[in-house]
Amino acid sequence: MKAIALLLGILALPLRGAEIPASMSAIPAGSYIPMFGETKKARQVDAFLLDQTPVTNAQFLSFVTNHPEWRRSNVKRLFADEGYLRQWAGDLELGPDSPPDAPVVRVSWFAARAYLKSVGKRLPTEDEWEYAARADDTRADASSDPAFLAKILKWYGQPNRGTLADPKTAEADVHGVRALHGLTWEWVEDFNNQMVTGAARDDASLNRGLFCAGGAATAKDIANYAAFMRYAFRSSLEGAYTVDLLGFRGAKDITPTQP
Amino acid sequence: MKRHLIPFIALAMSLHAAESEKKNSCCDEKAAPGAEGHKLEAAAAAKGSIYDFEHEWTDQSAKPFRLSSLRGKPIVLAMGYASCQFACPRIMADLMAIERGLSDAEKTSTHFVFITIDPEKDTPEALAAFLETYKVDSLRWHAVRGSADDTREISVALGVKFKAIEGGDFAHSNVITLLDSDGTIIHRQQGLGEKPEDLIKALRGALKP
């Protein structure tokens, strides 16, 4: 037992008393200004752990093997629509379009949460995801760099070239996290919090920001266009939806280890 | 087929949503800036039985409560929070308008459930006081709270969007959902101050043997 504990101690990098699994990265606390919100105020994001790569077909296959209620032919319509895991060859067979190391897609929000619960993780919140996704390979916040945003936008405009790649081949960002951009879209826990409407003045400006391209014609807003696409996409989702390029990754609170 | 169209689909859907907002807005005329002006349009409702959730709630008497315990009877369901000054009293008024439209026999076969989106503040005591304000019959009225996790999950299934905003308030969509005796969503009344006739009609359909 002691040997195992020692080994774990070596593998896990200490972060203010917390242990980090090898497949996750610690995202340090900080603040960011979301593209849309009640106000333009910065939002505080606590430090958290984020999976370095999205959940793969192989990992999800092992989950449905152990949880028959989440197999394609068993899943309840409340939890996933008809397209759930449609790209797999069968209930427990990945097939040629779904390499084991590629991100699993066509999973609903409910299914993603069930998977993550089974491994002791959770979905990242929208704030956490957006906050982490500002990083490039050298900076924690590259979001004011037009080149960084242009790269993301380029992917958004590209046709999907068939089979998804292994996310481990994507470039790691400064936190060691890969493929937040460029491979798939990802579920967040509170995807359904968008579309604030009403008569309040800030709401009216929000709607202008969301729906009128002319309203986005300042340099800052153009820079945010990549984020705008993500917010717009999320606001079109429902919990049971499954989408061709929509996958997920896990997150975790940082809990101090017992002394 | 393999074209990457998601962003454009998403955009189109958002634009569509923007259109329908205009139509559905109930509170545009007089709402002042502030919490009462914030509301979230509802998303679509889930298919299948809500009983498939294994959520355990706590009701206003601090007793465990499962929606599936009401199996066999239709449920009129809404989400909100007790300290809400604007929308939730109106949701309660709408729920009570539905109840008033029922015969005594229909009333006893129907349950009303209010799920709080603010489980932290809405203790069973707070929920009991909330129901007390409206003098409703606690045999068929249930005000319940659950974990943040379960609350988020059922809100997604009901298509109720909510978001904490400043000052302890929430922006949320105003939806009254009708579940049939098997827990399937069969009707939704969206917005505030809507006439209850359509929902009552659907409810009577669900009450038929």
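Two residues are taken to be in contact if their C-beta atoms, placed from the backbone, lie within 7 Å. The structure described here is a predicted model.

The secondary structure of chain A consists of 8 helices and 10 strands, and that of chain B of 6 helices and 10 strands. Chain A has 259 residues, of which 42% are buried; for the 209 residues of chain B the buried share is 41%. Among contacts with a separation of 6 or more, residues 24 or more positions apart contribute 73% in chain A and 72% in chain B.

Strands of a sheet pair through backbone hydrogen bonds, in either a parallel or an antiparallel arrangement. Both arrangements involve E4(B): E4(B) and E5(B) run parallel and are joined by 6 bridges, whereas strand E4 (residues 75-80) and strand E9 (residues 175-179) of chain B are antiparallel, with 4 bridges. On the E5(B) side, B:Ala78 has B:Phe114 as its bridge partner. On the E9(B) side, B:Val76 is partnered by B:Leu178 and B:Leu77 by B:Thr177.

Strand E4(B) is mostly covered, with 6 of its 6 residues buried. In a regular strand the side chains alternate between the two faces of the sheet. In E4(B), B:Ile75, B:Leu77 and B:Met79 point one way, while B:Val76, B:Ala78 and B:Gly80 point the other way, and all are buried.

Helix H5 (residues 148-158) of chain B has as its buried residues B:Thr151, B:Arg152, B:Ile154, B:Ser155, B:Val156, B:Ala157 and B:Leu158. The buried residues of H5(B) pack against elements of both chains: helix H3 (109-118) of chain A, and E4, E5, strand E7 (162-164) and E9 of chain B. After H5(B) comes B:Gly159, with a positive phi near 70°.

In soluble globular proteins, nonpolar side chains tend to be buried together. The largest nonpolar core of the model comprises 112 residues, and the members that touch the most others are A:Val107, A:Ala111, A:Ala112 and A:Ala132. For one of these, A:Ala112, the contacts beyond its neighbours within four places in sequence are with A:Val107, A:Leu123, A:Trp187 and A:Phe248.

Methods. Residues numbered from 1 in each chain as written. Chains lettered and ligands numbered in written order. Predicted model: local features only at pLDDT ≥ 70, side-chain atom pairs only at ≥ 80, totals over all residues. Pairing = 2+ DSSP bridges. Helix = DSSP H or I, 4+ residues; strand = E, 2+ residues; numbered from the N terminus. Buried ≥ 20, exposed ≤ 12 C-beta atoms within 10 Å, placed from the backbone. Core = buried A, V, L, I, M, F, W, Y, C linked by C-beta atoms within 7 Å.
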